[in-house]
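Let's take a friendly walk through this structure, looking at how its parts touch one another.

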Number of protein chains: 2
Amino acid sequence: MDEFSFIRSIRPNTYRQPTLIKGIDDDAAVFRPMGQDVVTAVDTMVEGVHFSKETMEAADVGYRALAANLSDLAAMGSRPAFYLVSLVVPDDWSQEELDQLYKGMGELADSYHMDLIGGDTVGGQELCVSVTVFGYVTKDMARYRSAAVPGDVVFVTGSLGDSRAGLACLFDQKEETEDSLYLIGRHRRPSPRVAFADAIGACERVALNDVSDGIANEANEIAESSDVDLVLDVDALPFSKAIQALYPEKMKEWMLSGGEDFELIGTVSESEWAVVQEAASQTGVPITRIGKVTEKKKNHPSVYIVEEGVQKLLEKTGYTHMKRG
Amino acid sequence: MDEFSFIRSIRPNTYRQPTLIKGIDDDAAVFRPMGQDVVTAVDTMVEGVHFSKETMEAADVGYRALAANLSDLAAMGSRPAFYLVSLVVPDDWSQEELDQLYKGMGELADSYHMDLIGGDTVGGQELCVSVTVFGYVTKDMARYRSAAVPGDVVFVTGSLGDSRAGLACLFDQKEETEDSLYLIGRHRRPSPRVAFADAIGACERVALNDVSDGIANEANEIAESSDVDLVLDVDALPFSKAIQALYPEKMKEWMLSGGEDFELIGTVSESEWAVVQEAASQTGVPITRIGKVTEKKKNHPSVYIVEEGVQKLLEKTGYTHMKRG
């Protein structure tokens, strides 16, 4: 199949977003934002680096590539609208597998009424999936990492470390149980917290960041951008019963720095914390209060984690060490 | 250098587009279109497929990757505003080379006051540069391939086949002359026709397509989208003195299907043809009338080319054959 026929085969029959003017049909796509701000991000997955055919089916690759992007949109408080897909395709990927990859993306896109509006497909040695997403957010209501202020509650959605544990289940060829299947599902088909991020739209001020590289990294990003300290309680960090059952010795490390959970970490004032809890409840998203924001104690903004009554510095990598001074 | 430090190193110190709200600083970028339509496209270049270190320096790779995208924006009549860059980087690309790649992109971006607003950098086996561009166009004034109507003049900017001839100069290790350097320059650093496309903004109706795969392909795309025939005059097709001097025997083939010239092919009514000529003159872009649009003669829209008084069918691939019936 030549590129032209392929593009035709993936072209949607109808578009769903009312602001779309021109989809896959010309040199570029055209849309008309109706007084809202536009949010955009790109994310790339490479075979052999982010996934392999041993750990993921083609449909999962597509699903996860889009999910990672939707998580970025959620972390901005933005509603997904469109996506562009750029594929580098090696010879050992069949047309059938590419169809499945698009189908996996399409499943997730359908649930948000997103439209595929363009892309590019070229040959290469290894499969690369690069997705650009577009979302809308009410004017001046995008959620930034820089919005945290001392006194804020720190919260996180869902549970941490599951994606890394799911990958371990695949590598370790764990027996298929409810627990292992749950963790593998979290690895292959993460749930971006789009509905929750939309539901907290009424909050006046929220800092948000998505947990793509591990909460230790993301908490530090909020601290740096907002020029504050974050103090987390290790006992409060949420985990699934599955990770506890299968990887009790690894779970702490993976919760802090496992990455790719695509949960949201955020901060909000005490007075609006109830609004956030209500939004989580309405959207069926577990939410946990895991710490607080404080004035920075040193020159450099930092994240501390309290373990057995002792406050330790939490580095981006997830490494902790005893606080000095 | 880790990814974070790298992102910091390429982050612009200041942004130039007044509609940008948030650049490279968070999970995604945010911009606020002021009543204009947004145009977006993605284009990917892969080492070993689209270029090699033998034929292009790192800065040229960056320049050309962005130029290809700007050509898509020009073909929509859109003014460039922002770009996102996704890079897959193999071990044999040094930090210095990556800096040069961004610098090459930056040179072109500067001339249009574009802002780099985000991206993603991951490891891989071969260098892939995927650029997503964003432009603005006045409401309902995007230029589509589907806008051609019978009676229109068909025109093309610049000269055809130069990029392919430039690549040949590199492969053939042609002696460095004014001609060979000109062609190599056209291959490495094509000039997207952004200013010209903007200058014809006053035209009521123009069909536009950019010449990325060869004019035979692009003319057929206009014919199909507009459901008309295009009749081109082979003697009218514009070529440089350099291609004529160095590749006289190959030039016809390369003019029709060489690709990557990033010129614009378009159609406009006879009454507005003078406006297009004036815009070309004002922006210093050579323009040539190369044919006309007619009602389709068969069931399927087609492109014909007149050679020595004989009308032949011109296929997408550039292959011509005698017209039957």
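## The model

Please keep in mind that this is a predicted model.

## Where chain A meets chain B

The contact draws on 44 residues of chain A and 44 residues of chain B. On the side of chain B that touches chain A, at least two residues each come from several elements, including helix H2 (58-74), strand E4 (79-89) and strand E8 (206-211) of chain B. E3(B) gives the largest share of this side, with nine residues. Sorted by class, the side of chain B that touches chain A holds 21 nonpolar, 11 polar and 12 charged residues.

## A strand pair across the chains

Which strand of chain A is joined to E3(B)? It is strand E2 (residues 29-31) of chain A, linked to E3(B) by three bridges, and the two run antiparallel. Within this pairing, you can find A:Ala29 opposite B:Thr40 in E3(B).

## Two domains in chain A

Chain A splits into domain 1 (3-137) and domain 2 (145-322). Taken over C-alpha atoms, the centres of domain 1 and domain 2 of chain A are 27 Å apart. Each of these domains of chain A brings 17 residues to their contact.

On the side of domain 1 of chain A that touches domain 2 of chain A, helix H2 (58-74) and strand E4 (79-89) of chain A each provide at least two residues. The largest share of that side, 10 residues, belongs to H2(A). By class, this side of domain 1 of chain A comprises 10 nonpolar, three polar and four charged residues.

Notes. Residues numbered from 1 in each chain as written. Chains lettered and ligands numbered in written order. Predicted model: local features only at pLDDT ≥ 70, side-chain atom pairs only at ≥ 80, totals over all residues. Contact = placed C-beta atoms within 7 Å. Helix = DSSP H or I, 4+ residues; strand = E, 2+ residues; numbered from the N terminus. Nonpolar A, V, L, I, M, F, W, Y, C, P; charged D, E, K, R; others polar. Pairing = 2+ DSSP bridges. Domains from an automatic or database assignment.
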